[in-house]
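Dear colleague,

I am handing over the structure below, and my notes on it follow. Please read them with the model open beside you.

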Amino acid sequence: MSIESLKSLFRPELAELSAYRVPPSPPAVKLDANESPWTLPPEARARVASVMHTAEINRYPDGRAVELRKALAWGLGGSKDEYVLGAGSDELISLMATAMSAPRAGRERPVVVFPEPTFVMYRMTSRAHGWQTMGVPLDDHWDLDADAMAAAIEEAEPNLVYYATPNNPTGNCFSRDRIEALVNGFPNTLHVIDEAYGAYSGQSFASLCEETPQCALLGTLSKVGFAGIRVGWVRLDEALSAELEKVRQPFNLSTPSQMVATLALTDFAPLLEDHITTIVSERERLATELDGHGALTCFPSDSNFLLVHYSGDVPELCAALLDREIAVRQFAGGNERLRSCIRITIGTPEENQRLIEAVGDILG
Ligand SMILES: Cc1ncc(COP(=O)(O)O)c(C=O)c1O
């Protein structure tokens with residue numbers, strides 16, 4: 001009885017959500033989470049070890065993460081005070097939902113708009129914070145439906161709009177002119193452009209962010225080799241970043257995370273560039289190979305994964321791959337348009353070859 005009464009204290013919106021689940025023991029070839037397939041080579045690990053050697057882990061981390069924010073400003077532009085840091089960009093999505101939640105006049109709840117399908121945490125996190133969410137279907141090419149987005153923003157007056165470009169799970173970039181028109185057309189909303197996969201597209205909205213205070217950029221190290229250290233950021237106008245800082249836990253980024261992230265953005269930058277170049281060329285090779293099977297069609301990708309349409313039974317194909325120790329992502333129960341699709345992260349050339357052979361084995 002007391003459990004029931006304690007459960008009644010949780011936000012009612014949680015009843016409609018499920019916790020984000022990660023499979024327990026990863027198979028040999030893990031192509032399901034859009035991570036980089038490479039850990040650091042021995043020389044870079046030695047460099048991490050020597051830097052870590054100096055860490056005073058008896059002390060709290062630098063709560064302002066000065067070195068890391070300087071490295072971000074150096075690498076990505078702007079001033080260090082435009083950057084707010086989080087344990088992955090997931091934490092920034094949560095911080096923005098906490099901080100920017102004043103409902104507009106005449107509305108009961110704050111509203112967030114995003115195209116769909118997209119990264120599920122925009123919806124989940126916003127709902128968990130009591131926001132109203134509005135998903136606007138992408139067009140037939142997985143691009144923004146500019147008119148429908150404009151109509152939704154006009155009607156709902158959202159506090160936030162999210163655009164992941166390249167988008168997860170569709171893999172493509174949205175048309176730049178459509179994003180620019182929405183950002184410029186609705187200056188009283190914060191437009192958050194999520195560039196989690198930007199390294200693989202070679203595109204950035206940094207200049208738009210510099211020109212317009214209603215534009216923020218979300219970024220992360222997770223997709224370029226550092227998912228394990230959990231470092232993400234949002235870059236936004238200093239007046240807004242100062243407000244967001246008020247809800248950030250002061251020591252949300254550990255000393256090791258700050259140290260490794262600073263190396264990633266400085267000394268390791270050439271290594272990351274090499275990895276990115278290899279992934280992009282492997283992406284094209286894998287797409288050509290998979291498209292060679294009549295049953296599979298790869299959508300164009302600007303990221304480190306491919307969304308692949310399969311005309312057969314998706315769960316059966318995924319199970320057959322898992323039997324061969326290869327994990328890919330399927331979307332059972334999610335967006336209807338994704339049910340006939342699988343998402344495959346680009347692995348090392350050897351892993352991709354293993355996938356190509358396994359698919360050949362299964363589909364004949
Ligand atoms: C579009 C997009 N944004 C943000 C994230 C979150 O990344 P992290 O919290 O690891 O920085 C992901 C992770 O899959 C993503 O796909």
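**Helix packing, the ligand shell and one glycine**

Helix α3 (residues 66-76) packs against α11 at an angle of about 20°, and their axes are 9 Å apart. Here axes are lines fitted to C-alpha atoms, for helices over the stretch in contact, and angles run from 0 to 180 degrees between N-to-C directions. Because angles under 35 degrees count as roughly parallel, over 145 as roughly antiparallel, 65 to 115 as roughly perpendicular and the rest as oblique, α3 is roughly parallel to α11. Helices (H or I, at least four residues) and strands (E, at least two) are DSSP runs, numbered from the N terminus.

This is a predicted model, in which local features need pLDDT of at least 70 and side-chain atom pairs count only at pLDDT 80 or more, while totals for chains, interfaces and linings use all residues. Residues are numbered from 1 along each chain as its sequence is written.

The crossing of α3 and α11 is left-handed, a term used if the near helix is turned anticlockwise from the far one by less than a right angle, with right-handed used if clockwise. On the α3 side the contact is made by E67, L68, A71, L72 and G75, and on the α11 side by Q258, A261, T262 and L265, where contact means that the C-beta atoms of two residues, placed from the backbone, lie within 7 Å. These residues divide into five nonpolar, three polar and one charged, with Ala, Val, Leu, Ile, Met, Phe, Trp, Tyr, Cys and Pro counted as nonpolar, Asp, Glu, Lys and Arg as charged, and the others, Gly among them, as polar.

Helix α11 (residues 255-265) also packs with helix α2 (residues 42-53), at an angle of about 135° and with axes 10 Å apart, which means that α2 is oblique to α11. The crossing of α2 and α11 is right-handed. In this contact R47, V48, V51 and M52 of α2 meet P256, M259, V260 and L263 of α11, and the residues divide into seven nonpolar, no polar and one charged.

Around the ligand there are 13 residues, of which G88, D90, N168, T220 and S222 come nearest; a residue is counted as near if its C-beta atom, placed from the backbone, lies within 6 Å. The shell divides into four nonpolar, seven polar and two charged residues.

Finally, G171 lies in the loop between β5 (160-164) and α7 (176-185). The C-alpha atoms of G171 and L306 are separated by 6.2 Å, although the two are 135 residues apart along the chain.

Best wishes
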